[in-house]
Amino acid sequence: MTVRLTITPGPGARVLEDLEQDIGDKVNTAGLEGEAVAKQLAPVDTGYLRNGIGWAMTDETAGELTSAAEYAAYVEFGTHKMDARPHMVPGFEAAKAMLRDLLRRP
């Protein structure tokens, strides 16, 4: 499962190198928070699901919150035999909220 946070400047926007670095730093900080929340909420049996959750920047202003466990979506959304145990979506929501707050700061 992959969750992507992307910031794309509008047409004609000039993104200075310093501004792009600042935005990238904020995206990374928010993504790391999302990773922490997802790991905290992930159910633990063997630890494989939780240990497979990670955040990585994919370019200057975007990154991905991923889970290496092939069964992560079943745990996240549930099945007809198992209730959902959301962890990645709440992680993404936490990252999104933090990014909003960080972008509002000077």
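**View 1. The largest nonpolar core has 15 residues.** V27, L49, I53, L65 and M88 have the most contacts inside this core. A nonpolar core is a set of buried Ala, Val, Leu, Ile, Met, Phe, Trp, Tyr and Cys residues joined through side-chain atoms within 4.5 Å. Buried means under 20% relative accessible area, exposed over 50%, and partly exposed in between (1.4 Å probe, protein chains only). At least two core residues come from each of α1 (17-41), β2 (53-59), α3 (72-77) and α4 (88-104). Helix α1 gives the largest share, four residues. Helices (H or I, at least four residues) and strands (E, at least two) are DSSP runs, numbered from the N terminus.

This is a predicted model: local features need pLDDT of at least 70, side-chain atom pairs count only at pLDDT 80 or more, and totals for chains, interfaces and linings use all residues. Residues are numbered from 1 along each chain as its sequence is written, and side-chain values use heavy atoms, leaving out hydrogens and water.

**View 2. I53 and the residues it touches.** Contact means heavy atoms within 4.5 Å. Leaving aside residues up to four places away in sequence, I53 touches E35, A38, K39, A42, L65, T66, S67, H87 and M88.

**View 3. S67 sits in strand β3 (residues 62-67).** S67 has a relative accessible area of 9%, so this residue is buried. A polar atom of the S67 side chain lies 3.5 Å from the backbone nitrogen of A69.

**View 4. Y74 belongs to helix α3.** Y74 counts as exposed because its relative accessibility is 52%.

Note on methods. Polar contact = N/O pair within 3.5 Å; in protein donor to acceptor, adjacent residues only side chain to side chain.
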